[in-house]
Amino acid sequence: MRTFEFFAVKDSHDAVAVLAKHSVSSKVRVIAGGTDLLAELKFSPQSPNVVVDISRAEDLKSITLTDDGLSIGAVVTHSQIMQSPIIREMFPALANAAHVIGAVQTRNLGTLGGNLVTAVPSMDGGPTLMALEAIISIAGPDGRRQVPLNEFFVGPRKTVLKADELLAEIIIPRRNLGKPTHFLKFGLRKGQALALVNAAASFWVDWEKHTFVAPRIALGAVAPKVIRALQAEAYLEGREITPEAMAEAGRIAIGDAKPISDFRASAGYRRNLVGVLTKRALEGAYALAQAKR
Amino acid sequence: MDKKPTVAEKVSPLKTVQETPSVLREPVIAPLVTYPIEVVVPEVRQQTPAVGQRATRLDGHLHGLGQTRYIDDLSFPGMLYAKIKRAGVASARIKSIDTKEAEAMQGVMAVVTGKDVPCNSFGPSLKDQPVLAYERVFHAGDGVAAVAAVTEQIAAEALEKIKVDYEVLTPVLDPLESLKLETPGVHAPSANIYQSKIIKKGDIEKGFAASDHIIEGHFRTQMVEHVPLEPHATIAMWDPNGRVTIYSTLGRITLGRADVARTLGIPVSRIRIVATIVGGNFGGKNEITTEPVLALLSKKTGRPVKSVFTRPDEFIASTTRHPLIMDYKTGVTKDGKIQARKIRLVLDGGAYCSWSETTLGKACILSAGPYNIDNLYAEAYVVYTNKTMTGAMRGFGAPQVCFAYESHMDDIAALLNMDPLDIRLINVFSEGSLSPTGQTLQSVAIKESLLQAAKRFGWNGKGSADAGANLLAEENANTNMVRA
Amino acid sequence: MVTVTINVNGEKRTASVPPETTLLRLLRDDFNLTGSKLGCDVGDCGACTVIVDGKAVNSCLMLAAQADGRDVLTIEGLATMDRLHPIQKAFEKYASLQCGFCGPGVIMSAKALLDENPDPTVQEIRDALGGNLCRCTGYVKMIEAIQDAARILRDEPVEINR
Ligand SMILES: Cc1cc2nc3c(=O)[nH]c(=O)nc-3n(C[C@H](O)[C@H](O)[C@H](O)COP(=O)(O)OP(=O)(O)OC[C@H]3O[C@@H](n4cnc5c(N)ncnc54)[C@H](O)[C@@H]3O)c2cc1C
Ligand code: FES
Ligand code: FES
């Protein structure tokens with residue numbers, strides 16, 4: 001790794017100030033857990049002149065219920081998400097998604113914020129949050145701005161963040177608190193494997209009519225960024241909950257996906273996975289809804 | 001020891017050592033033995049007493065403490081770090097290498113290229129591998145220049161400053177292409193087929209004629225890297241008397257010394273190779289790699305020089321397992337007896353021979369499987385391609401052909417609608433069988449092993465072993481009782 | 001240069017290093033604690049696993065400066081030459097290691113696990129070792145050793161179980 005200047009900040013204000021000061025004249029990178037950044041810098045001929053360590057930023061470390069909803073600080077680690085009682089209670093899917101990221105060591109370092117900012121299409125942190133319509137709170141020189149997660153990603157490894165901005169919080173809106181959600185990942189191995197496809201499904205149940213309400217399906221590793229399966233969602237909205245409907249939604253979701261072939265899997269194999277995982281994610285969310293009823 | 005020796009009392013040093021706690025002594029001094037040692041020699045077909053015994057390892061103690069010293073854990077005063085620039089192109093002519101800018105960098109102590117190597121070729125059988133590619137690049141992992149610098153980072157940055165001008169050539173990547181006579185030679189004027197073997201037994205035409213069915217099968221295996229957890233590492237120290245000491249992860253040091261002597265053009269007696277504990281070899285550390293380069297850098301700088309492969313280096317610049325393309329044709333009677341088998345193996349040898357000779361031989365000899373086949377024809381070729389070199393890896397070709405002949409047996413069983421176990425029992429070697437190369441086999445217990453295995457995991461003839469779960473648990477319980 | 005002070009194996013140590021230095025480099029090159037190994041340098045193999053503030057981490061993916069002021073435990077801090085930690089004892093007894101290169105990382109992962117969970121299931125042990133690659137052993141004897149060590153740490157009688 002090439003050398004750089006290193007600043008450790010104590011909170012997000014501090015971080016924004018350092019970013020503002022250095023981002024004009026030099027290349028600045030934020031480091032949280034470092035699990036993506038250091039792996040990148042070790043093998044890259046390019047390198048930043050300044051690195052800002054936010055891993056100790058006090059105001060980005062907590063998981064709290066606010067008026068807006070459930071707020072997860074940017075530097076909350078995957079291990080903390082797995083262990084958080086409030087997340088396990090409200091969104092077991094989020095805890096499960098955290099559990100399948102890397103291994104213990106990476107989960108102890110890696111943060112949810114870093115996962116989203118790296119913005120690889122196969123990220124495991126993205127789909128569940130996307131299905132829950134999470135909002136990203138961004139801290140910049142002019143204060144905070146909010147962006148829905150599905151607008152936050154621009155393409156592979158690209159987000160709307162500007163050089164002087166920081167991902168500060170991930171907010172799951174109040175209307176979706178406790179919404180039954182299920183996440184599934186399919187990798188070539190159980191441990192330390194990136195997803196060939198991952199999927200999250202979330203919906204409320206109208207128990208009287210026994211229908212899907214506000215179904216949301218998100219898919220990873222099948223497009224340049226994490227996507228919503230909008231056609232499948234439209235198909236399910238208001239429809240009676242049956243195994244056939246879930247299977248059909250899976251088939252429709254295949255049409256929403258635009259996977260590529262690479263050394264991990266062919267596009268055809270990924271398309272098949274989309275169908276199967278979507279259906280199973282819907283089934284999982286439904287099982288959770290029944291258990292919570 | 002509670003009794004202190006007085007001046008008059010004579011205590012043998014051996015006794016003192018023997019009385020020290022065993023943890024301190026164990027790795028150093030073996031227990032005292034008196035000859036002749038009584039060894040239980042098992043009868044043929046009997047399990048040796050070692051099977052089922054609990055064993056610990058003498059080195060386990062230090063391993064658990066993290067005190068085992070691997071090469072990267074050693075350092076010497078004034079030690080420099082070396083990095084090797086990889087070609088990054090599969091096939092090319094090197095027009096020029098400009099190292100000036102790198103040499104001028106602060107902290108860079110020496111740069112070497114192929115022209116600095118006294119004899120730029122080595123290899124465990126064919127001497128076809130350059131220490132550093134000089135005129136030609138044969139695969140992307142070829143080293144083209146090496147830098148020794150005061151830190152690893154400076155060495156890495158210096159590599160970027162070395163400019164190599166290539167005339168890129170069309171690489172030969174497909175082994176079947178390489179096999180064709182019209183394909184340009186990877187190491188022209190040498191032919192691409194650099195070793196072959198043919199085994200003939202009986203008359204296959206007759207055998208096929210006597211068969212009810214003839215079945216063909218085509219199988220391929222991929223290239224596999226050993227991925228030892230400890231990457232290749234070397235420290236070289238050239239001393240003022242013209243001797244060089246090399247600490248290396250090398251598994252075969254005697255062979256390594258000969259190769260180092262050849263490449264450096266100095267007598268073997270001036271080379272000392274220290275083999276330390278190796279963090280995994282699996283056949284991938286059976287030959288020298290960068291040892292001569294480090295020796296030259298050390299000679300040039302007068303300082304110890306260390307280099308450790310990065311994980312990408314390990315994949316592109318160390319040996320791998322040969323990918324095989326395997327064509328099988330077998331004639332069987334309708335009740336499953338094999339009458340004839342014809343086999344062609346094409347081994348992708350990558351850019352250099354390395355241990356291909358051994359691999360080719362073993363793959364060919366074993367390619368028919370452990371089956372009595374009176375009429376056999378097996379041919380095997382290993383060809384050059386512009387890919388990472390292939391060499392020794394656990395089994396030397398045996399796992400690849402095993403995958404092919406056993407898959408082929410399953411296909412035959414399916415075609416004949418037979419139990420895959422039965423077809424094996426019909427054809428498998430027994431005591432006194434002749435191997436494809438005419439060796440009389442002794443101590444053959446395959447049939448018994450197959451039957452016992454089938455019983456243990458509850459083989460039901462269809463590929464499902466569900467019925468076996470309880471049986472296995474029962475067997476385990478029994479085994480425990482026997483052992484306890 | 002940044003000045004880093006860490007409490008390593010119960011001892012406060014300071015070094016001045018370039019900011020890009022990883023915690024692994026600091027431990028190995030500056031503090032001569034070579035027990036933690038470099039296997040891949042990108043977080044895949046776990047040979048560099050150490051415990052920072054009670055959590056197992058890949059020391060190759062943490063900047064030394066990020067560990068400033070923290071408690072770091074390495075394999076060297078687990079035992080002395082004649083007094084082994086129960087995990088180390090069990091690893092020796094079960095011959096859980098062959099070439100040994102993965103060992104320090106595996107043992108630190110096991111230590112972090114047993115500190116948090118004194119009675120792990122086999123599945124939990126597997127999960128805890130998910131980030132530690134071993135190319136020699138196949139993990140079976142490691143898992144047995146960790147179960148054994150867990151029993152000892154819980155003060156339960158241990159019988160040889162194989
Ligand atoms: C061995 C291994 C296995 C892995 N397996 C998986 C897996 O299975 N699934 C998966 O999804 N991921 C996996 N990852 C990727 C990685 O662990 C995660 O993406 C992790 O969450 C990244 O978080 P971090 O805090 O380490 O990010 P860092 O490396 O610190 O940062 C990542 C990027 O985001 C930027 N950044 C970080 N935080 C912020 C912020 N708050 N504001 C602005 N920019 C920021 C950094 O500048 C950098 O560009 C794996 C990584 C490794 C090393
Ligand atoms: S060296 Fe850190 S995980 Fe491999
Ligand atoms: S013992 Fe060799 S890698 Fe684990």
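1. Buried area is the accessible area (1.4 Å probe) that two parts lose on being put together, summed over both. By this definition, about 2,900 Å² is buried between chain B and chain C, with carbon and sulfur atoms giving 54% of that area. R54(B), L65(B) and L229(B) supply 25% of what chain B buries against chain C, more than any other three residues.

2. On the basis of the note: this is a predicted model, in which local features need pLDDT of at least 70 and side-chain atom pairs count only at pLDDT 80 or more, whereas totals for chains, interfaces and linings use all residues. Residues are numbered from 1 along each chain as its sequence is written, chains are lettered from A and ligands numbered from 1 in the order in which they are written, and side-chain values use heavy atoms, with hydrogens and water left out.

3. Contact (heavy atoms within 4.5 Å) between chain B and chain C involves 36 residues of chain B and 34 residues of chain C. The polar part of this interface comprises 16 residue pairs in polar contact, both residues being at pLDDT 80 or more. A polar contact is a pair of N or O atoms within 3.5 Å; within protein, one must be able to donate a hydrogen and the other to accept it, and residues adjacent in sequence count only if both atoms are side-chain atoms.

4. Chains B and C are also joined by 4 salt bridges, a salt bridge being a side-chain nitrogen of Lys or Arg within 4 Å of a carboxyl oxygen of Asp or Glu. One of the salt bridges pairs E152(B) with R25(C), and the closest N and O atoms are 3.0 Å apart.

5. As to secondary structure, helices (H or I, at least four residues) and strands (E, at least two) are DSSP runs, numbered from the N terminus. On the side of chain B that touches chain C, α3 (60-65) and α15 (468-483) of chain B each supply at least two residues. The largest share, 6 residues, comes from α3(B). By class, this side of chain B has 11 nonpolar, 14 polar and 11 charged residues; Ala, Val, Leu, Ile, Met, Phe, Trp, Tyr, Cys and Pro count as nonpolar, Asp, Glu, Lys and Arg as charged, and the others, Gly among them, as polar.

6. The contact between chain B and chain A takes 4 residues from chain B and 4 residues from chain A. The area buried between these two chains is about 340 Å², and carbon and sulfur atoms give 45% of it. Q153(B), E157(B) and E160(B) supply 76% of the area that chain B buries against chain A, more than any other three residues.

7. Between chain B and chain A the count is 1 salt bridge. R2(A) forms a salt bridge with E160(B), in which the closest N and O atoms are 2.3 Å apart. Helix α5 (residues 152-161) of chain B gives the largest share of the side of chain B that touches chain A, namely 3 residues. By class, that side has 1 nonpolar, 1 polar and 2 charged residues.

8. Ligand 1 lies between chains A and C. It is surrounded by 35 residues, of which the closest are V30(A), G33(A), T35(A), H78(A) and T111(A); a residue is near a molecule or strand if one of its heavy atoms lies within 4 Å of it. Backbone atoms approach the oxygen atoms of ligand 1: a backbone N or O atom of V30(A) lies 2.6 Å from an oxygen atom of ligand 1, a backbone N or O atom of G33(A) lies 2.6 Å from an oxygen atom of the ligand, and a polar backbone atom of L37(A) is 2.7 Å from an oxygen atom of ligand 1.

9. The shell around ligand 1 has 17 nonpolar, 13 polar and 5 charged residues. Its largest share, 4 residues, comes from α7(A).

10. The peptide bond from A188(B) to P189(B) is cis, with omega near 5°, and P189(B) is found in the loop between α6 (175-179) and β7 (193-201) of chain B. V227(B), although not a glycine, has a positive phi of about 45°; V227(B) is placed in the loop between β9 (224-225) and β10 (233-238) of chain B.
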